[in-house]
Amino acid sequence: MTERTRRTGSLGRPAKLGVALAGGGPLGGIYEVGALSALAECLEGIDFTDLDVYVGVSSGSFIAAGLANGIAPLEMCRMFIESESHREPLAPGMFLRPAFREFARRAASLPPLLLASAWRFFTQPGTHAFMESFAQVGRAIPTGLFDNDAIDRFLRRLFDAPGRSNDFRTLKRKLFLVATDLDSGVWVEFGAPGFDHVPISRAVEASAALPGLFPPVEIDGRFYVDGALKRTLHASVALEQGVKLLLCINPLVPYDSRVPIVDPHAPRRLVDGGLPVVLAQTLRAMVYSRMQVGMQRYKREFRDADVVLFEPNKHDAEMFFTNMFSYASRRRLAEHAFQKTRKELFARRHALAPILARHGVGLRLDALTDPDRHLVRGMRRRRLLSRATETTARLGESLDDLDRWLASTAAAAG
């Protein structure tokens with residue numbers, strides 16, 4: 001029995017399947033690799049390199065482009081997480097190379113800006129003139145700290161390999177990578193007609209150009225930044241293509257510190273973590289709120305489709321406080337996402353089983369209940385937590401399960 005034959009819905013027609021991956025920086029990409037690896041092992045009748053539609057936003061575009069090119073989740077783990085032993089390693093420092101070209105370009109613009117500002121200040125004295133002059137000099141501030149051209153170069157090499165493609169038009173499956181046009185604020189689907197001539201590697205670079213960290217990416221005379229500025233998942237892109245079962249992963253959720261945290265080194269109050277923690281929580285809250293609105297809209301507008309979302313729980317200190325630039329942390333987080341997704345699949349098995357079955361997909365209970373399954377080599381479940389903190393962790397997961405049940409009950413009643 002072939003994969004396509006097994007992927008038939010309840011009416012005997014081929015089930016159209018897709019995946020939508022949100023952003024979240026390097027941290028989010030690592031989480032998505034771990035979660036996808038768990039789904040690949042625990043779902044039967046689905047091949048994540050042979051879906052009908054792939055949608056990626058920001059760091060999710062990196063993963064979606066890999067899947068569409070036939071790179072399985074487990075292979076991505078070896079490539080991105082255990083890169084030192086892989087034939088096509090992703091060097092962690094690739095995301096941290098200074099944007100020297102952007103620095104030089106902005107530095108070259110500084111002398112004439114200073115001269116113009118000084119002239120304005122002395123010819124139009126006053127407080128307002130000083131502030132306006134100062135604001136004008138601000139045009140010399142670099143638009144990003146790190147060089148995102150390295151992403152394009154790495155992916156070009158990766159997708160130029162036999163059996164892969166850096167051209168949307170030659171892929172076997174549909175791939176859409178979402179970015180935001182900086183000058184209009186309009187989101188663009190690279191891979192759609194009119195935007196499918198752009199190299200996939202360049203589209204990934206544009207979709208992941210988070211303002212402040214990476215400079216905007218110029219494509220055909222337009223400048224593009226992170227696609228998550230408009231929407232979190234852009235799941236509607238896949239649903240409008242006729243996808244009937246859409247699996248979504250959102251790595252960023254706001255942290256709820258009201259339940260005692262597991263990490264003893266993390267601040268008890270988020271404000272005590274300083275500006276980075278406050279900004280992280282603010283960003284997550286905005287992104288998550290927007291995504292919830294979108295999920296409700298999908299239910300109303302695409303009633304014949306099933307959208308299944310996977311994400312960390314709100315009490316996941318491991319996800320919130322992980323250092324995204326630590327190699328050891330990346331290994332630990334990938335394993336954490338793998339195990340957390342397996343636990344979630346098992347906890348939601350009774351609700352998910354009939355939904356998945358409608359599209360010819362089943363749950364592998366043997367994979368869900370096997371205590372010896374691990375993603376990252378050498379990683380084992382470490383009993384480092386006391387019984388009290390283990391109980392706290394279970395309490396957090398139980399509260400999230402209760403929230404999901406209440407939400408589904410309310411939706412059914414409505």
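Trainee: What share of the contacts in the protein chain with a separation of 6 or more comes from residues 24 or more positions apart?

Mentor: Residues 24 or more positions apart account for 76% of those contacts in the protein chain. Bear in mind that this is a predicted model.

Trainee: How many helices and strands does the protein chain have?

Mentor: The protein chain has 15 helices and ten strands. Of its 414 residues, 49% count as buried. The chain exposes about 20,300 Å², and carbon and sulfur atoms supply 59% of that area.

Trainee: How should I read a strand, and in which sense do strand 4 and strand 5 pair, parallel or antiparallel?

Mentor: In a regular strand the side chains alternate between the two faces of the sheet. Here, strand 4 (residues 174–181) and strand 5 (residues 187–190) pair in the antiparallel sense, over four bridges. Val178 stands opposite Glu189, and the bridge partner of Ala179 in strand 5 is Val188.

Trainee: Which partners does strand 4 have in strand 3 and strand 7?

Mentor: With strand 3, strand 4 pairs in the parallel sense over five bridges; Gly56 has Leu177 in strand 4 as its bridge partner. With strand 7, strand 4 pairs in the antiparallel sense over three bridges. There, the bridge partner of Asp181 is Tyr224 in strand 7.

Trainee: Is strand 4 largely enclosed or largely open?

Mentor: Strand 4 is largely enclosed by the rest of the structure, because seven of its eight residues are buried.

Trainee: Asp181 is found in strand 4. Is Asp181 buried or exposed?

Mentor: Buried means under 20% relative accessible area. Asp181 has 6% relative accessibility, so Asp181 counts as buried. A polar atom of the Asp181 side chain lies 3.0 Å from the backbone nitrogen of Asp183. Not counting residues up to four places away in sequence, Asp181 touches Val186, Arg222, Phe223 and Tyr224.

Trainee: How do I read a nonpolar core, and which residues touch the most other members of the largest one?

Mentor: Look for the members with the most contacts to other members. The largest nonpolar core has 75 residues, and Leu43, Phe80, Leu175, Leu177 and Phe190 touch the most other members. Helix 2 (residues 25–42) gives the most to this core, with nine residues. A second, separate core of 24 residues includes Val55, Val237, Val253 and Met291.

Trainee: What is Leu177 in contact with, leaving aside its neighbours within four places in sequence?

Mentor: Its contacts include Gly56, Ser61, Ala64 and Ala65, as well as Phe168, Val188 and Phe190. Ile200, Ala203 and Val204 are also among them.

Trainee: How do I read a helix, and how many residues of helix 3 are buried?

Mentor: An α-helix has 3.6 residues a turn, so residues three or four places apart point the same way. In helix 3 (residues 59–68), ten of the ten residues are buried, so this helix is largely enclosed by the rest of the structure. Among the buried residues are Ser59, Phe62, Ile63 and Leu67. Gly70 follows helix 3 and has a positive phi, near 85 degrees.

Trainee: Where is Leu333, and what does it touch?

Mentor: Leu333 is in helix 12 (residues 327–347). Leu333 counts as buried because its relative accessibility is 0%. Neighbours within four places aside, Leu333 is in contact with Leu27, Ile30, Tyr31, Met319 and Thr322. The C-alpha atoms of Leu333 and Met319 are separated by 7.0 Å, with the two residues 14 residues apart along the chain.

Trainee: What is phi of Ser58 and of His234?

Mentor: Most residues other than glycine have a negative phi. Ser58 is not a glycine, yet its phi is positive, about 55 degrees. Ser58 lies in the loop between strand 3 (53–57) and helix 3, and is buried at a relative accessible area of 6%. His234 also has a positive phi, near 55 degrees. His234 sits in the loop between strand 7 (222–226) and helix 9 (235–239), and counts as buried at 0% relative accessibility.

Trainee: How many disulfides are there?

Mentor: A disulfide is a covalent bond between the sulfur atoms of two cysteines. The count here comes to zero disulfides. Cys42 is buried at 0% relative accessibility, and Cys77 is buried with a relative accessible area of 0%.

Technical notes:
Residues numbered from 1 in each chain as written. Predicted model: local features only at pLDDT ≥ 70, side-chain atom pairs only at ≥ 80, totals over all residues. Heavy atoms only, no water. Pairing = 2+ DSSP bridges. Helix = DSSP H or I, 4+ residues; strand = E, 2+ residues; numbered from the N terminus. Buried < 20%, exposed > 50% of the residue type's maximum accessible area, 1.4 Å probe, protein only. Polar contact = N/O pair within 3.5 Å; in protein donor to acceptor, adjacent residues only side chain to side chain. Contact = heavy atoms within 4.5 Å. Disulfide = S-S within 2.5 Å. Core = buried A, V, L, I, M, F, W, Y, C linked by side-chain atoms within 4.5 Å. Areas by Shrake-Rupley, 256 points an atom, 1.4 Å probe, with all protein chains shown as cover.
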